Amino acid sequence: QVQLVESGGGLVQPGGSLRLSCAASGSSFSINTMGWYRQAPGKRRDLVATITSGGSTNYADSVKGRFTLSRDNAKNTVYLQMNSLKPEDTAVYYCKMFGLHAYWGQGTQVTVSS
């Protein structure tokens with residue numbers, strides 16, 4: 001049974017930074033692509049970024065140059081460093097493990113507001 005546990009969300013002022021973490025257990029973390037999605041109230045869940053087992057990354061246009069996704073296979077953890085945050089980044093952020101079956105974390109709230 002795969003479990004994904006996100007942490008690091010919170011309230012931050014515009015222009016600030018946060019780092020989200022997603023710790024995985026119960027599967028072969030190192031061979032799976034991982035990703036972050038986000039969902040704002042009343043909107044669909046959108047892809048933010050993905051990282052392959054080899055470390056190749058892909059980002060949504062809205063976060064390019066501001067967000068950085070990385071992984072530590074020894075710790076079964078992915079990190080989403082978010083800089084220059086904007087109010088429109090406010091959402092619940094979800095971690096996802098890709099594979100034969102998709103697994104999701106419970107989500108962590110990020111609020112960007114002055």
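Reply: A residue counts as buried when its relative accessible area is under 20% and as exposed when that area is over 50%, with partly exposed in between. Please keep in mind that this is a predicted model.

Me: Is Asp89 buried or exposed?

Reply: Asp89 is buried, because its relative accessibility is 0%. The residue belongs to the loop between β8 (77-82) and β9 (91-97).

Me: Which side chain makes a polar contact with the side chain of Asp89?

Reply: A polar contact requires N or O atoms within 3.5 Å. Here the partner is the side chain of Arg66, at 2.7 Å. Leaving out residues up to four places away in sequence, Asp89 touches Arg38, Arg66, Phe67, Ser84, Val110 and Val112.

Me: Let us turn to strand pairing. Which strands pair with β9?

Reply: Two strands are taken as paired if at least two bridges are found between them. Strand β4 (residues 34-39) runs antiparallel to β9 and is joined to it by six bridges. In this pairing, Trp36 has Cys95 of β9 as its bridge partner. Strand β11 (residues 108-112) also pairs with β9 in the antiparallel sense, over three bridges, and Tyr93 stands opposite Thr108 there. Strand β10 (residues 103-104) pairs with β9 over two bridges, again antiparallel, with Met97 opposite Tyr103.

Me: What do β9 and β10 form, and how many residues lie between them?

Reply: They form a hairpin with five residues between the two strands. In the turn, Gly99 has a positive phi of about 160°.

Me: How many residues of β9 are buried?

Reply: In a regular strand, side chains alternate between the two faces of the sheet. As for β9, six of its seven residues are buried, and the strand is mostly covered.

Me: How many aromatic pairs does a search of the whole structure find?

Reply: The search finds two aromatic pairs. In one of them, the ring centres of Tyr37 and Trp104 are 5.0 Å apart and the planes meet at 65°, so the pair is edge-to-face. This pair links distant parts of the chain, with Tyr37 in strand β4 and Trp104 in strand β10, 67 residues apart. Tyr37 is buried, with a relative accessible area of 13%, whereas Trp104, at 36%, counts as partly exposed.

Me: What is the geometry of the rings of Tyr94 and Trp104?

Reply: Planes over 60 degrees apart count as edge-to-face. The rings of Tyr94 and Trp104 have planes at 85° and centres 6.5 Å apart, so this pair is edge-to-face. Tyr94 lies in strand β9 and Trp104 in strand β10, 10 residues apart. Tyr94 is buried, at a relative accessible area of 14%. The ring pairs link Tyr37, Tyr94 and Trp104 into a cluster.

Technical notes: Residues numbered from 1 in each chain as written. Predicted model: local features only at pLDDT ≥ 70, side-chain atom pairs only at ≥ 80, totals over all residues. Heavy atoms only, no water. Helix = DSSP H or I, 4+ residues; strand = E, 2+ residues; numbered from the N terminus. Buried < 20%, exposed > 50% of the residue type's maximum accessible area, 1.4 Å probe, protein only. Polar contact = N/O pair within 3.5 Å; in protein donor to acceptor, adjacent residues only side chain to side chain. Contact = heavy atoms within 4.5 Å. Phe/Tyr/Trp six-rings, centres within 6.5 Å; stacked < 30°, edge-to-face > 60°.
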